[in-house]
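Subject: Structure handover and findings

Dear colleague,

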Amino acid sequence: MAEIIIVDNEDEAGELYARCVIDLVRNRPDAVLGLATGSSPLAAYRHLARHVRDEHIDVSRVRGFALDEYAGLDPATSQSYRSTITRTVVQPLGLDPHLVHTPDGGTDTLATAGRDYDRAIADAGGVDIQILGIGTDGHIGFNEPGSSLASGTRIKTLAEQTRKDNARFFDGDVDKVPTHCITQGIGTILKARHLILLAFGAGKAEAIAETCEGGISSFCPASALQLHPHATIIVDGAAASRLRHKDYYAYAFAHKPQWQEL
Ligand code: F6R
């Protein structure tokens, strides 16, 4: 069972994530970060960048692997996940762009790109901390409902709901949102040593309830986190509103022993 932490706002969640990463990088300067795009991690990246700056953390050897990329979208366009990760993570933190990878969404190489990406993650020694958002339908990465819980990185068809949710990044025009993507599989994500999933707002409440308190099912891909030995789910009150045991989670966090890490 994941640890569920209910916070007041995205900044509080971001601070928890940032502290975890800073502690990791102090111990392992060539740490491997698993990176997500979307709105949910933005405050976390901002807090991390501030800590890196204020505490003079050397991040020159930190490596990164993004979760996913649209298929057939020029990586140079502003909506590509390559550009998004550059804007939101690489530049504010001052990472070496050559050490930060996104899956190759080029249509010529899609057949082999997934396998190559999983191999590159394994060759790097695996992901230390993977940050995750969650879709309103329970997806993580772009593993839509029905994705195998053992899947590796591969091409997927985006659900219509996900394309509608993401139309805000494409001038509000759902027709501009690509229909396919390449995404780390659920099996790939589960190999990371620590998973930190962030969710905010009432729109995520149902997906969070299914993830934490529903059965493990490929129809709620995020429910696979129940299988992970070190998963942390950080939500605000609105995203936690449908959790049956939210009082217990708040109680457990309030009484967490000091020696127990996140
Ligand atoms: C992004 C990703 C997606 C998002 C999810 C939530 O790389 O993998 O799973 O995390 O769609 O998106 P936001 O955070 O924008 O609500």
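The notes below cover the ligand, the cavity and the aromatic pairs.

This is a predicted model, in which local features need pLDDT of at least 70 and side-chain atom pairs count only at pLDDT 80 or more, while totals for chains, interfaces and linings use all residues. Residues are numbered from 1 along each chain as its sequence is written, and side-chain values use heavy atoms, with hydrogens and water left out.

To begin with the ligand, 16 residues surround it, and the closest are S40, D68, H139, G141 and K204; a residue counts here if one of its heavy atoms lies within 4 Å of the ligand. This shell divides into 5 nonpolar, 8 polar and 3 charged residues, where Ala, Val, Leu, Ile, Met, Phe, Trp, Tyr, Cys and Pro count as nonpolar, Asp, Glu, Lys and Arg as charged, and the others, Gly among them, as polar. An N or O atom in the side chain of K204 is 2.7 Å from an oxygen atom of the ligand, and for an N or O atom in the side chain of T37 the distance to a ligand oxygen is 2.8 Å. Taken alone, the ligand exposes 400 Å², of which the protein buries 93% (areas by the Shrake-Rupley method with a 1.4 Å probe).

About 40 Å³ of space lies in the largest cavity, and its lining (residues with an atom within 4 Å of a point) consists of 9 nonpolar residues, with no polar and no charged ones. Helix α1 (10-27) supplies the largest share of that lining, 3 residues.

Finally, the count comes to 7 aromatic pairs, with ring centres within 6.5 Å. Y17 and Y45 form one that is edge-to-face (planes over 60 degrees apart), at 6.4 Å centre to centre and 75 degrees between the planes.

With best regards

Definitions and conventions
A polar contact is a pair of N or O atoms within 3.5 Å; within protein, one must be able to donate a hydrogen and the other to accept it, and residues adjacent in sequence count only if both atoms are side-chain atoms. On a 1 Å grid over the protein atoms alone, a cavity is a set of points where a 1.4 Å probe fits but cannot get out, and a pocket is an open set with protein on both sides within 12 Å along at least five of seven lines; lining residues have an atom within 4 Å of a point. Grid points are joined across faces, edges and corners, and a volume is the space filled by probe spheres set on the points. Helices (H or I, at least four residues) and strands (E, at least two) are DSSP runs, numbered from the N terminus. Rings of Phe, Tyr and Trp (its six-membered ring) pair if their centres lie within 6.5 Å; planes under 30 degrees apart count as stacked, over 60 as edge-to-face and the rest as tilted.
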